[in-house]
Amino acid sequence: MSGLKTKELSKIGYTDDRARSLVINIMARHFKHHDKAAIIQLLTDIKERPAEFLQDEVLGKIAAIFADVPEERHFQSFDLLETTGQLKVYGGKEIEQAARQQMELAMSLPVTVQGALMPDAHMGYGLPVGGVLATENAVVPYAVGVDIGCRMALTLFDEGESFLKRYSYQLKTAMKEYTHFGMEGGLEFRQEHAVLDRPEFRDTALLKSLHGKAVRQLGSSGSGNHFVEFGLLTLEEDNSLSLPPKQYLALLSHSGSRGLGAAIAQHYTKIAMDTCKLPRSAQQLAWLDMNSEAGQEYWLSMNLAGDYARACHQQIHQHLAKATGLKSLATIENHHNFAWEETLTDTRKVIIHRKGATPAHAGELGIIPGSMTAPAYLVRGKGVEQALYSAAHGAGRAMSRSKAREKMTVSALNKMLANAGVTLMGGSVEENPQAYKDIDQVMNAQHELVSVEGRFMPVIVRMNKE
């Protein structure tokens with residue numbers, strides 16, 4: 001089926017944004033192999049004779065828009081399970097008790113099928129960072145996270161260490177001119193990208209209202225642990241990229257979907273909490289039914305935010321490569337803070353949420369960073385189902401941001417950077433290397449989940465000036 005357009009729906013009387021969004025989602029999910037003309041006829045029949053379709057499990061939601069039935073926002077109350085599902089913990093000795101408790105609470109949700117805790121895990125909101133949760137026909141906004149589609153991107157260039165030494169000034173200048181960090185603002189020049197023309201931006205009132213901000217913030221990065229850095233990647237033999245095993249100049253970036261993703265998360269978390277009533281301790285884990293209008297709207301919005309995050313990284317890498325005359329050999333990228341519809345080996349379809357966890361299906365490439373003075377690893381997944389096909393998304397915090405401020409001075413951080421041969425542009429003591437776990441310990445704790453194909457060492461690091 002070719003995609004329905006909002007204009008086509010308006011012509012047959014579907015003029016409300018929410019109604020059109022619901023229709024587009026239901027048709028894409030349940031009628032994707034049907035002829036468009038037949039679908040238009042079906043939708044016309046539903047509008048003209050809604051009572052005939054109200055009892056239909058799928059079409060009843062559309063019929064309710066036109067039926068003479070007062071619209072209510074129903075809520076349901078749920079109890080937590082006393083016996084929880086299967087949870088696998090990796091690197092348990094290094095994981096704080098609070099993170100374990102958060103994960104155990106998530107395992108007691110009646111929609112939970114399976115869970116895993118990665119070795120970089122630490123306490124977060126809702127699901128712990130490093131938590132992986134499989135649910136049945138339900139999506140948990142706070143198990144995805146506020147920064148939807150936060151991701152890593154690594155580009156290898158046809159240059160090595162000599163280029164980095166000779167042109168370090170030019171690389172730093174390009175980073176100043178073509179990256180932007182912080183909660184607000186963006187690059188000083190207008191950019192073009194296909195993601196800005198996506199029809200989803202017209203499918204809901206919320207997405208329509210966020211389009212202007214998405215345009216302004218394209219190609220920029222957030223605050224906190226988001227970064228853009230040039231460094232050197234040493235590739236192993238027989239790597240998946242089929243490149244010679246040697247040292248390459250590389251660009252590594254970490255950031256997400258900016259204000260777009262944050263607004264989507266906030267909006268749908270509130271709807272989830274209003275409609276899915278849980279005991280107070282678990283309220284942040286409220287979910288949206290995937291068959292509900294809100295669930296389908298969130299899914300559409302989350303996927304758009306993920307694609308927007310990818311577009312931001314593409315812009316960063318393209319701008320910097322062009323400004324420095326570098327030729328790209330390969331780019332590897334992966335989401336975390338996202339949810340995917342996947343099938344387990346017993347054929348059950350589940351929604352897998354990876355809150356700060358890297359997808360690691362068999363043969364899948366990903367990047368696991370350390371800190372501003374520690375290596376990042378290029379890895380290939382081994383597809384372990386007990387881990388829900390996942391791995392850590394980084395070293396993981398060893399201390400909170402406030403504790404990191406107390407424990408580290410600017411001069412001590414500068415000395416640490418000098419000893420490591422790293423230049424920091426922006427940044428803060430909150431992100432100092434001691435605020436993070438030992439990345440090599442984290443990697444050792446998940447050797448059964450991924451194999452290492454390359455080791456990246458940062459040299460020039462750009463972060464938000466807190």
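This is a predicted model: local features need pLDDT of at least 70, side-chain atom pairs count only at pLDDT 80 or more; totals for chains, interfaces and linings use all residues.
A disulfide is a covalent bond between the sulfur atoms of two cysteines. For C150, the closest cysteine sulfur belongs to C312 and lies 11 Å away, which is too far for a bond, because a pair would have to come within 2.5 Å to count as a disulfide. C150 is buried, with a relative accessible area of 4%, and C276, at 2% relative accessibility, counts as buried too.

Now to D203, which sits in the loop between α8, residues 168-178, and α9, residues 205-217. Which side chain of opposite charge is nearest to D203? That is R202, but it is 6.6 Å away, and D203, although buried, has no salt bridge; the cut-off for a salt bridge is 4 Å. Setting aside neighbours within four places in sequence, D203 is in contact with T6, D17, S21, I24 and L300.

Finally, I would like to turn to H30, which is found in helix α2, a helix covering residues 17-30. Is H30 buried, exposed or partly exposed? With a relative accessible area of 34%, H30 is partly exposed. When residues up to four places away in sequence are not counted, H30 touches V58 and N291. H30 and L59, which are 29 residues apart in sequence, are 9.7 Å apart in space, taken from C-alpha to C-alpha.

Definitions and conventions. Residues are numbered from 1 along each chain as its sequence is written. Side-chain values use heavy atoms; hydrogens and water are left out. Buried means under 20% relative accessible area, exposed over 50%, partly exposed in between (1.4 Å probe, protein chains only). Helices (H or I, at least four residues) and strands (E, at least two) are DSSP runs, numbered from the N terminus. Contact means heavy atoms within 4.5 Å. Lys and Arg count as positive and Asp and Glu as negative; His and the chain ends are not counted.
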